[in-house]
Amino acid sequence: MDWIGSFGSENIGVDIGTSHVVMYVKHKGIVFSEASVIAKNEMTREYFTFGTKAEAMEGRCPKEIQIYHPMKHSAIVDYNGAAYLLNSIVNQSYLKNMFFHPRLMMCVPTGINSVQRRALLEAAVAMGARKTVLIDQPLAAVMGLGLANGKSIGSMIVDIGGGSTKIAVLSQNGVVVSHLSYESGIEMDEAIVASIRDKYHVRIGKKEAESLKVALGASWDLDRAPKVAETCGLSIVSGYPVKMAVTGEDVAHALNPVLYKIFKNIRDVIQRTPPALLAAIREEGIWLIGGGAQLLGLEELVTKVTGIPAHVAKRPSYVNAIGAGMSLDYINEFRDSLQDLH
């Protein structure tokens, strides 16, 4: 009787990340990408806005207004906030008529525990999902990268997201080796904020740090070419707003401790990879996905550190959602993960 419930509904792939929620509707492609941020009035205890609007309020709102990330390290830490975020996305005017008791293929990181999985499923229930299937992010990534064609013997995927970094080696039989750590795009931004404060005695916001990260990246470690980007902050010494120039060397030095941990984890996963798969990985290369994969110089640095060619995927932030969407073709073959709640 499943076909009766599917009348008028949509099948959608969902990737709920620490920084963004991406939804992929079958036959329509990517239809939505929104910041995973919500705003809450602490006096009334009510959420009142979400996404990009809430993100823009950070550092610019009264003290009774708090800005939250309901996801942290790729897991739900605020269930009510996550449910509000998903419901708000679906109930937007141009999406509301598109989703009617949808069937979800939802990405989850390899290694999260049963409590974290349950929180994701409960958020899907609050969203009104008729059927939900959880798919490991590395498997979704393989689909999104177009590697699930039966020809690839082994693949290595490094997913650098806003809240965590997921590294996985896959064969035709599934995930062989994986590693989940908390080095992330957000940690990079925080490292830049701390470095500018310590060196220049200027306090900048996370958005300014992110802009510096995007503009300068880690390319100084490769060519030592002088690059400069301007930013604004608050002088700790005088207490006045200041405009200043930040060099590529400054940003690279701030990012290096985070990147070194990621590189170490990549090497550790390679060392645990069965030799039978290493030849295929060396030939195919390492795939970099997630928002952090777009960091300037990262592709070359990973190649230099590992000796294996690294490639940044096309639309790296969308790979998991696209893969989940492609997996919707097989959703009827999966057990409904919502049944595990009962």
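Predicted model: local features only at pLDDT ≥ 70, side-chain atom pairs only at ≥ 80, totals over all residues.
The largest cavity comes to about 50 Å³. Its lining consists of Gln137, Pro138, Ala141, Ile157, Asp159, Lys166, Ile167, Ala168, Ile289 and Asn320. Helix 6 (137-145), strand 11 and strand 12 (165-171) each give two or more residues to that lining. Sorted by class, the lining of the largest cavity has 6 nonpolar, 2 polar and 2 charged residues.

The second largest cavity has a volume of about 30 Å³. Around it sit Thr110, Pro138, Lys166, Ile167, Ala168, Ser178, His179 and Leu180. Here the elements giving two or more residues are strand 12 and strand 13 (174-181). The class count for this second lining is 4 nonpolar, 3 polar and 1 charged.

Now the open space. How much space lies in the largest pocket? About 1100 Å³. The pocket is lined by 49 residues, and Thr18, Ser19, Gly161, Gly162 and Ile186 lie nearest its centre. Several elements supply at least two lining residues each, among them strand 1 (11-16), strand 2 (20-25), strand 11 (154-160) and helix 8 (206-216). Which element gives the largest share of the pocket lining? That is helix 7, with 6 residues. By class, the pocket lining has 21 polar, 15 nonpolar and 13 charged residues.

Terms used:
Residues numbered from 1 in each chain as written. Heavy atoms only, no water. 1 Å grid on protein atoms, 1.4 Å probe; cavity = no way out; pocket = protein on both sides within 12 Å on 5 of 7 lines; lining within 4 Å. Points joined across faces, edges and corners; volume = space filled by probe spheres on them. Helix = DSSP H or I, 4+ residues; strand = E, 2+ residues; numbered from the N terminus. Nonpolar A, V, L, I, M, F, W, Y, C, P; charged D, E, K, R; others polar.
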